[in-house]
Structures are given as structure tokens and as C-alpha cells.
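Reader: Before I set up any calculation, I would like to go through the pockets and the annotated regions of this model. Can we take them in turn?

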Amino acid sequence: MLRYALKRLGVGLLCLVGVSVIIFVAMRLAGDPTLLLLPDDATEQDRIELRQELGLDKPLPVQYAIFVAGAVQGDFGMSTRWKMPAMELVLARLPATLQLAGLAFSLAVGIGLLSGVTSATARGSVFDQCVRLGVTLGLAVPVFWVGLIFIMVFAVDLGWFPTSGRGSFAHLILPAVTMALNPAAAMSRLSRSAMLGVLGADYIKMARVKGNSEARVVWKHGLRNAAIPVATLAGIQLANMIGNTVVVETIFAWPGIGKLIIDAIFARDFAVVQAAICVVAAAYIILNLAVDLTYGLLDPQIRYD
Amino acid sequence: MTQAPLLSVEDLRTYCYTRAGVVKAVDGVRFALERGDSLGLVGESGSGKSMTCNSILRLLPKPAARTVGGRVLWDGRDLLTLSEREMRRVRGREIGMILQDPLISLNPVFTIANQVGEPFRLRGAAKGRSDLREKVLDVLRQVHIPSPEARLSQYPFEFSGGMRQRTVAAIALAGSPGLLIADEPTTSLDVTIQDQFLRLLRELQEKTGMALILVTHDLGIVAETCNKVAVMYAGKIVEFGDVRQVLTSPAHPYTEALLKALPVPGTRQKRLYQISGEPPNLLDPPAGCAFEPRCHRAMQACKKARPPIKRLSDGRQAACLALEAGEVR
């Protein structure tokens, strides 16, 4: 298992290199940052000097080599906009994103599992019908639209929650719910179908024969067997959360990584975008590995070699 | 019979509600069991054997099937009127069940120790972990699992079919039930393992004195294992009685036909006897005796009325008009 994990980490590292190359090149295609950094009356000479200062005059491979040499030591370069080390900036924003993603993920898994499993056990009931309708809605409505509607209804009209920003726990609720909606619907649908597949099995009947309560039959004997697809989706969703904060953080002006990436892209702040994307990609890779390793705990027939 | 029997099933009716209509899967089944009895419940597929067992334990597939009438008297109580909570106490502890396919009736993601220990844990029968372990080992030994200590932490997929079926038996034993219902327990096992398992069942029965209901369509198994037999046809018991009586001199034409269809070892038959026709469509059962269209003794009266099950002079029960007419044997 350790060998498997190390192998996967090695592959992950390669992925990270790939991601960094892509983002490195893509950012440089976005345009020349010096055009934004210099005042309108700057001369061509000023621009060339600034390019030299930022190292943008060197050939692309050389620029990349310099970036990698710094990155392995934890130095992702200076932000041209905020005038501070890019990684420091990213790490300062990380807690806000983790908080938002964490709550949104918990909501998504909690609500999704609860509604999905319950509707599987009560197949065809009114509750089941409502859940299925809710799932369709949750999957169909776009996040940015829901966010705006939530702000209109719950923040502006009803005044229950602040419209945007970060501060109290109340600030967290609207963005977290907005972000949770879509993954909760997906989780609900998947756990419903996974449970429907499991509940007809003989070992479920066996659990009843033993005298287990219905709750134990469903949540212990049933869910453990439906856990593999559920864990897979949960892992993908958790990893996606970190990247998906971009839209929600922008709508709710939540000072996390997503908002930082957007601001940095508009400012053509190469160092910050690179640092932020590398952090997101690393989180993605580690979470995926974690999910693959939990399979072994969930299904005893899975062995890593 | 002055004392109340251990289990008494009276006029049990379980109907399946399908899109095409109502199927009377169990239609007025009636039998009684004493302590230590072993009843063979035989009949062809779809005759209502499993449905009868599932009705007793109230484990019918919901909402398709429902018990609509009758009583299941167990230990002075009618199981059909118990609350779900009380019923859970009956399942596993008082009445155990072994399902048909051992390969899929163990939960694939829990260890053997966990699954065999569950009945003990559910009724709080074990004091601490080491006591639980001892109790689990004890029942595993009782079903002759070799080196059970090494098996505790294994999973069902590491067990052979026969061992899995033994484990299922161990789980049933762990509840120390007064009645064990075994629903075609050997159908998916090969013949030698079958024989071992049936011997195990008899041995456990002798040791614990529990009663047994053995669902099967193999009359040979019934002859070896059971002391009573109930023959089911189209949701009804058509003959019920002592194994030797029923199997050596069947009263009901259907039982007779079943026995005729058995291959006789040591003889060369060109072709096995086959009961002509098909079982009735239970969506639209015949008005008279369900076996009448296939019966070589059918009379005009058989088409009109369903024969009630009646006690014959030798103590057994059978449901056939021809018997009443005194025409048989």
C-alpha cells in the first residue's frame, strides 16, 4: 500500500509539472502585464526596462526554468500587483476558501446522502418524488444564477444574511449553500441509485433476519456496500470545491483563492495565478489519492499492489 | 394434542399485488409444528414455499406482497399482530432463517467475526470483547469451520461456498432459535457439500432441540432430514403428514406424481416421468381444484369446488375430492 501511494504521488508530481507548464504558457498568452502596470504616459523605453526587470524578455523555456528553480524552494515569485510574495498571498487566502469549501462539502454530502438514501428506502413515496424533483432542479440551475437570486431574496429582501464579504458565520451561509446545491443534488441521485442496487441483496434480508433495526439495516449493512461510488463522487466533489470557489467567491466577494485567481488573471499577475493554480492542483492530486486509498478500507476485496 | 404446538400457522394468506393483478401466493396455508419437529416444505417453483416462510418472519418484499389474513401462533403470540419492534426480537433470537444462496447472503464488506458476532451483540449476550470472541468461536466450531481462530478476520470472499453456508448456519445458531427456517439451503451447493450441510442441520437440531422448516423441492432431502412433510401446490398445502406415510403411500395425486417423477437409482429409465401440463396461472386460478387440469383422477366435481384439507383416518391431511369419495387406493 505504501508503494502504491508513493507511486501515485510520483504520478501526481508529474501531473503538477504538466499543470504548471500549461498555466505558465496560458498566462503568457493572456497578454503583457507591463501594459497594465505602467501609467499611460510611459515611454516604450520604460516598458522595455520593466520587462527586463520582471524577466519577461527572456525566452519562455528560460523563464520556466527560473520559475521551477524558485518553486522547488517555495518561492513562486513576487506579485506584480500586490507587491508581495505570491505564495504568501495565496496561503493567506487559503483559510477562507477551505472554510467555504468545507462547509459547502459537508452540506452537500450530508443533505445528499440523507435524502438519497432515505428516498431509496421509500421508493415511490411522496418523499421520493420530492427528492427527485429537487435533484433535477439542483442539477439544472446554474450556480451564478442561484447565488444572485439568494442575494436578492435572503440578503436584500428578507435581510436575513449579509449580501457579501467575510466576517461572521452568517456571511458564510449563503455562499456555502449556493455552492452545495449542485453537488448535493448529484450526491443524492448517486446515493439513491447505489442504495437501490444494494437494498435488494440477500445480505440485506439476512441483516433483517438477524433482527437488526431498519435503520441499522439501511445505514450499516446497506450504506457500507454502496459506499464505493459514493466515496468516489465525494472525493471528486471535494477536489472540485476548491476550484469551484471561483464563481461563488466572485459573486459573494468572498476573499478566498478563487477570487484571488480572478483578480490576478485580470491584473495579468503571473506569479499569483501560477502559485494559486499549483496549490489547487496539488490539493486535487492529494485528495484523489486519498479517495483511492479509502477504497481499500471500504471494500476488503481491493488490495493495493 | 392438548398442549399448544410450538408453531401453528392457521389459514395464512399472502397475496402479491402485481401490475397484472393479485396473485394469491399463499392461499390458506395451515400446519403445526412441535418442538424438535422438522418439516419438509416441498413443491415446485412458485408454489408458495418461500412466501410462506417469509410471511412467518414478516420479511415480505414491500410493498408488492402483503399477508392479508390468518394467524401465525408462536409461543402464545400471533406474530402477525406484533409491532415491528417486537417482531425484531423474534427474528434471529426465537426464529432463525437460512437463505437460499450462501454466496450472497453474507455481507461482503464485514469480517466473519463481525457478522457472526452481530446476533450476540444485538441482544447484548456477550460481556466484553473476549467473551464475544469466545462465543463466535464456539458457534463456528459447532458448524465445523476448520481453525476458526484464523477465520475471524477473514471476509466472505475468502470462504468457499460450503463454508459460507456453514457460517450462515452459525449466524442462525448464534441467536439460539427455537425454530430454524432453511429456505432451499443447499440449492446452490454441490452434492457432497449438500449432504454434509444437511447432516450438520440434523446434528444441530439434535443438540439444541430446535424445530426446523426445510424448504426444498428435493424429496430425497426431505426423506433423509425431516419427520413431517407438507406438499404445496399453487399456494395451498395439498398434503401434510408423517414423512414415511406421505412418501411411501401418497394420498394426494400431486404427491403421487411428484414421487413418480423421482429417478430411481440403479434402474434404466428411458425417460423420467413428467407431470403433464403446467402449474396454473395464479393470476387467474381455476375455480375448482388447482391440480385438476393435470390430475389423472379428476372428476367432474373437481372443476367446481376447491377441496378442503381433511384429516384422513391414518392421521395425515390431504386436500382431494377423490379421497373423500373413497376412491383412492
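Author: A helix here is a DSSP run of H or I with at least four residues, and a strand is a run of E with at least two. The model is predicted. With those terms, residues 100-121 of chain A are 100% helix and 0% strand.

Reader: How far apart are the end C-alpha atoms of residues 270-291 of chain A?

Author: UniProt, in an unreviewed entry, lists residues 270-291 of chain A under "transmembrane region", along with 9-30, 100-121 and 133-156. The span 270-291 of chain A is 100% helix and 0% strand. Its end C-alpha atoms are separated by 32 Å.

Reader: What percentage of residues 94-291 of chain A is helix?

Author: An unreviewed UniProt entry gives residues 94-291 of chain A as "domain: ABC transmembrane type-1". The end C-alpha atoms of that stretch are 22 Å apart. Strand makes up 0% of residues 94-291 of chain A, and helix 84%.

Reader: What percentage of residues 7-259 of chain B is strand?

Author: UniProt assigns "domain: ABC transporter" to residues 7-259 of chain B, again in an unreviewed entry. Between the end C-alpha atoms of this stretch there are 28 Å.

Reader: Which elements of chain B each supply at least two residues to the lining of the largest pocket?

Author: The largest pocket has a volume of about 990 Å³. Nearest its centre, among its 31 lining residues, are R208(A), E214(A), L60(B), P61(B) and K62(B). From chain A, α5 (86-121), α8 (169-199), α9 (202-209) and α10 (214-251) each give at least two lining residues. From chain B, the elements that do so are β4 (65-74) and α2 (84-90).

Reader: How many charged residues are in the lining of the largest pocket?

Author: The lining of the largest pocket splits by class into 15 nonpolar and five polar residues, and the charged ones number 11. Asp, Glu, Lys and Arg count as charged, so R208(A), E214(A) and K62(B), which are among the lining residues nearest the centre, belong to that class. The charged count is 11.

Reader: Which element gives the largest share of the lining of the second largest pocket?

Author: The second largest pocket holds about 480 Å³ of space. Its lining has 21 residues, with R28(A), L54(A), G77(A), M78(A) and A271(A) nearest the centre. Two or more lining residues come from each of α1 (2-30), α3 (44-54), α4 (60-71) and α12 (270-298) of chain A. The largest share, four residues, is that of α4(A).

Notes
Residues are numbered from 1 along each chain as its sequence is written. Chains are lettered from A and ligands numbered from 1 in the order in which they are written. This is a predicted model: local features need pLDDT of at least 70, side-chain atom pairs count only at pLDDT 80 or more; totals for chains, interfaces and linings use all residues. Side-chain values use heavy atoms; hydrogens and water are left out. UniProt positions are given in the numbering used here, feature names are shortened, and annotations may be inferred rather than shown by experiment. On a 1 Å grid over the protein atoms alone, a cavity is a set of points where a 1.4 Å probe fits but cannot get out, and a pocket is an open set with protein on both sides within 12 Å along at least five of seven lines; lining residues have an atom within 4 Å of a point. Grid points are joined across faces, edges and corners, and a volume is the space filled by probe spheres set on the points.
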